[in-house]
Amino acid sequence: MAEYKLASRYRVAYHRTGPKAGKTDIVVTFDDGGLYTYEALTPETAHHLVDLLRNEGPVWIDLQSGLLLVADEPIGSGEE
């Protein structure tokens, strides 16, 4: 069964050199001190993830798979 935690903060590390050169790690932290790390993401994936973390709220993360859940929003023209 999935265990979701509410994300509270995140930090981004872009690797310029080394074995992960050109890749990005994103560490998401939780209020209880726990964390989840997305490792070696492409720039496109990292940008999308940061966009969700920055602009959507609240965001829950499944600790087993890294799946993100965000709050419900209206579809189409209902959104302003």
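Predicted model: local features only at pLDDT ≥ 70, side-chain atom pairs only at ≥ 80, totals over all residues.
**Entry 1: Lys-20**

Is Lys-20 buried, partly exposed or exposed? I looked it up: Lys-20 counts as partly exposed, at 25% relative accessibility. For the classes, buried means under 20% relative accessible area, exposed over 50%, and partly exposed in between (1.4 Å probe, protein chains only).

Residues are numbered from 1 along each chain as its sequence is written, and side-chain values use heavy atoms, with hydrogens and water left out.

**Entry 2: salt bridges**

I searched the whole structure and got 3 salt bridges. The criterion is a side-chain nitrogen of Lys or Arg within 4 Å of a carboxyl oxygen of Asp or Glu.

Lys-20 and Asp-25 meet through their side chains in one of them, at 2.6 Å from N to O. Lys-20 also forms a salt bridge with Glu-39, where the closest N and O atoms are 3.7 Å apart. Lys-20 sits in the loop between β1 and β2 and Glu-39 in strand β3, so this pair ties together parts that are 19 residues apart in sequence. Shared partners join Lys-20, Asp-25 and Glu-39 into one network of salt bridges. I also checked Glu-39 for cover: Glu-39 is exposed, with a relative accessible area of 54%.

Next I looked at Lys-5, which forms a salt bridge with Asp-32, the closest N and O atoms being 2.4 Å apart. Lys-5 lies in strand β1 and Asp-32 in the loop between β2 and β3, so the pair ties together parts that are 27 residues apart in sequence. Asp-32 counts as exposed, at 52% relative accessibility.

**Entry 3: Asp-25**

Where is Asp-25 found? I find Asp-25 in strand β2, residues 24-30. Strands (E, at least two residues) and helices (H or I, at least four) are DSSP runs, numbered from the N terminus. Asp-25 is buried, with a relative accessible area of 10%.

The side chain of Asp-25 also makes a polar contact with that of Lys-20, at 2.6 Å. Here the test is a pair of N or O atoms within 3.5 Å; within protein, one must be able to donate a hydrogen and the other to accept it, and residues adjacent in sequence count only if both atoms are side-chain atoms. Leaving aside neighbours within four places in sequence, I list the contacts of Asp-25 (heavy atoms within 4.5 Å) as Arg-11, Val-12, Ala-13, His-15, Lys-20, Tyr-38, Glu-39 and Ala-40.

Strand β1 (residues 4-14) pairs with strand β4 (residues 59-62) in the antiparallel sense over 3 bridges. Lys-5 stands opposite Ile-61 in β4.

On to β5 (residues 68-70): β4 and β5 run antiparallel and are joined by 3 bridges. Which residue in β5 is the bridge partner of Ile-61? I find Leu-68 there. The hairpin of β4 and β5 has 5 residues between the strands, and Gly-66 takes a positive phi near 85 degrees in this hairpin.

Technical notes:
Pairing = 2+ DSSP bridges.
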